[in-house]
Amino acid sequence: MTKKHVSTTINGDAIEFLCDPNDTLLDVLRKELSLTGTKEGCGSGDCGACSITLDERLVCSCLVLGVEAEGKNIGTIEGVSNKDQLHVIQEKFLEHAALQCGICTPGLIVSTQALLKENSNPTEEEARYYLAGNLCRCTGYDKIIRAVLDAADVMRGAA
Amino acid sequence: MSEVKEYKYIGQRSIRPDGFEKVTGRANYGSDLNLPGMIWGKILRSPHAHAKILSIDYAKAEALSGVLSIATHDDFPDLPVEAVVAGEGTANLRDLAQNLLADEKVLYHGHAILAVAAISEAIAEKAVNLVEVEYEILKPVLDIREATADDAPILHDDMFTKGLEEVPTVASNVAARTEFRKGDVEVGFADADIIIEREFYTPTVHQGYIEPHATTVSYDESGQSMVWCSTQGHFDVRASTAKLLGLSLNKLKVVASEIGGGFGGKTIVYLEPVAHILSKKSGRPVKMIMSREEVFKGSGPGSATRIWVKIGAKNDGTITAMQSNMSFEAGAFKGSPAMLGGMTIFTPYDVEHMYAECYDVVVNKPKVAAYRAPGAPQAEYAAEMVVSELAAKLDIDPIEFRLQNAAKEGTQTIYGPKMKAVGLVECLEAAKNSPHYQSALKANQGRGIAAGFWFNIGGMSSVTINMNPDGTGTIVEGSPDIGGSRASMQMMAAEATGIAMDKFKPIIADTENVAYNASTGGSRTTFATGMAVIEAGEDIVQQMKERAAAVWNVTAAQVDWIDGVAVNTAAENRLTAAEICAGVGRTGGQISGRANINARGAGPSFAVHVCDVEVDMETGKVDVIRYTAIQDAGKAIHPSYVEGQYQGGAVQGIGWALNEEYVYNEDGILQNPGFLDYRIPLASDLPMIETIIVEVPNAYHPYGVRGVGETGIIPPLAAVAYAVSDAIKAPVTDLPCSPPNVLKIIQSK
Ligand code: FES
Ligand code: FES
């Protein structure tokens, strides 16, 4: 199989990579580019651990092909904080103990960021439905939802 | 416990020290390590549930360009029948090897047969598909009834039931029978005014950790290897891998990656010994990652059960006798938690007459692994359903009924010891007084109450705290941190030394950098490793005092230690920990605190859950609308992570009660090995989970800690299912309470 050449932007960096036509974007991120912050829980679009943004749209990177990144703007967990400053969502996840094992956390933080971009003042129910694609087996979601709603409050106040 | 101790650090809600790496994606989990020259291993799994392997021909796979090594069962040395530690129980070494790579028979759909390592995942996968296996297909045995039928196909010709009065002469799928007895149930039942008996069924479920099993193994020519893996216990991975491959322990360095959930399922080896064989044969580091489908097919599950329960009570609400006959599926190899079921089933109750018979039954499903309080959720589900039904029939409030019969200090357990101080009564009182329990229900809603008991364990933990020249320190521990335990260790070190929390950095060391630690399991880590941290901290305080005494030319007895500062009682001199550490060159070298302990006195943790559901009578769909989890923590070191354990356990139990089950077709082929069809709870399925932390200190821990990790999964099964039966006004016996199952009960009323 001949590799394809792809030019893209990841977390603001101009990146080029080679991949097989059937490689998923998740594989490219994790294996080619060593961006292992994006996690794989299922490889079939069911768990949300691999959540990233593709031109601002929230997607499961296990369902996107590497070649589809051509000319796109990709956002991953590695791009959420600003230099040595955590994003409010990250701070709130820590403050509320919204992670136990932490494997779902990168996906949830990326999804929460997308949620709050679309809806700066979600109700508990809206947050629960928006994040329904992100499985967490450890927390029972209670503290995650609290962290999300608290982050929303702070971000609105700060905006 | 008259006086309430004042603590400076523990009980706070501090930020976990490993949190920053985890919210930024920098933390490295099982599949995140890549090494130069690394290749990929893949496993060939059985398409049949039960078959003889007639031949394996891997010539084509071996010939494929890019394939560097192949592993089969023949790569294991001859193994003795010997037990090795596996989670909260033990596994037989030979069974373990046969589970890793099948020998003459495959015993479940997904049973591993052979592994290939190749320069890419794609080539490894292609090679696996080129392997030709000839099978003689046998009829599968898919549940306890089939397994124990007279003409049942036998999984293991050499398995004879243990624990029978007469030594059996024919092989059986029943591996063992055990019983627990206290008093005489016949006497107790004769005393009863009312007796209820029912049989319950719970399906095969999976722990459902989001991170699949993964490992990278690198063997070098000197015979040393490094095993990187996601595990609850890297020392036990080392022990079983060494045993399976005939290696001494010092040849294996096992590094525990961050772990993406385990719940008991990451206490045994699936990939590591196989990757080791592949690495040794190829001379290259080998990485193996299970797909989600493989996780469901080849790892985990928790036992399906059939449990019959009979309970008698007097009209005044006194329970007179409790009896059970329970069978637990072990999967393909013996070793279900049936015995633990027998030990836990009636333990929330102080009743004179009890009897439990437990059967361990093999079936053509994956070998079960520990799953959070193994055995207890299923067993206590059955008992709690009948207890609630009795309360209703006697027209007694279900909490009052439990209070009247509750186990407390001095209660004789069915399995041996008498109860020490425990918090069941306190949990029941807290439940009774909770706003939730006081609230009213609407139409089509129901409420369930259930209690839960789990022993908790202690065991071996080793900790070193190395102080730095500036008075900061590193806590070197060896208990994989699965849910925030580093934060608790940091707090306990601060409490024990009086040195501020942020001066300590906790790390999880590999098997070469700290002495043996038992696995993170049995709710032992905060209790036992915490105890070791406290002892190591006290060791540091002692040394600090001696060093200060040396500086002042007094005896250590003349030095006080107050909030991390040495004080000379005679002369009012003071030396901070940082000053002492800076001056160690003059007082005898660096300071390290050390504790290698075998912690005893783990305090049982009781819980009581209250659950409200609403049932859609047309579809049978159940929604949990309010939920409260109440549990005794002894002392909550970090309340947020304690609440997190309650909430997480509750929700796993809600999933078990409502939707989760392995679905097999009649040939024993697993129909739902994915998160789409094996449906664990989503954020949108749930309300907030209210929590109440009860604290009845455990006298055997310096700060009163009880393990809290497991108990929380026990009560939800009955709390949810009884709430459903309360809503639909008909008894529920079989889990899950999925829409079709509930609808069936509604329609057959
Ligand atoms: S890994 Fe992409 S959704 Fe699970
Ligand atoms: S914290 Fe473990 S899966 Fe969410």
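The conversation below takes up the interface, then the aromatic rings, then one threonine.

Mentor: Keep in mind that this is a predicted model, in which local features need pLDDT of at least 70 and side-chain atom pairs count only at pLDDT 80 or more, while totals for chains, interfaces and linings use all residues. Residues are numbered from 1 along each chain as its sequence is written, chains are lettered from A in the order in which they are written, and side-chain values use heavy atoms, with hydrogens and water left out.

Trainee: What makes Glu643(B) and Lys143(A) a salt bridge?

Mentor: The term asks for a side-chain nitrogen of Lys or Arg within 4 Å of a carboxyl oxygen of Asp or Glu, and the closest N and O atoms of Glu643(B) and Lys143(A) are 2.6 Å apart. The count between chain A and chain B is 5 salt bridges.

Trainee: Why are the rings of Tyr371(B) and Trp656(B) called stacked?

Mentor: Rings of Phe, Tyr and Trp (its six-membered ring) pair if their centres lie within 6.5 Å, and planes under 30 degrees apart count as stacked, over 60 as edge-to-face and the rest as tilted. The centres of Tyr371(B) and Trp656(B) are 5.2 Å apart and their planes stand at 10°, so the pair is stacked. Tyr371(B) and Trp656(B) are 285 residues apart, and the pair links distant parts of the chain.

Trainee: Why does Thr497(B) count as buried?

Mentor: Buried means under 20% relative accessible area, exposed over 50%, and partly exposed in between (1.4 Å probe, protein chains only); Thr497(B) has 1% relative accessibility and therefore counts as buried. Leaving aside neighbours within four places in sequence, Thr497(B) is in contact with residues including Phe504(B), Ile540(B) and Trp561(B). A polar atom of the Thr497(B) side chain also lies 3.1 Å from the backbone nitrogen of Ile499(B).

Notes: Helix = DSSP H or I, 4+ residues; strand = E, 2+ residues; numbered from the N terminus. Polar contact = N/O pair within 3.5 Å; in protein donor to acceptor, adjacent residues only side chain to side chain. Contact = heavy atoms within 4.5 Å.
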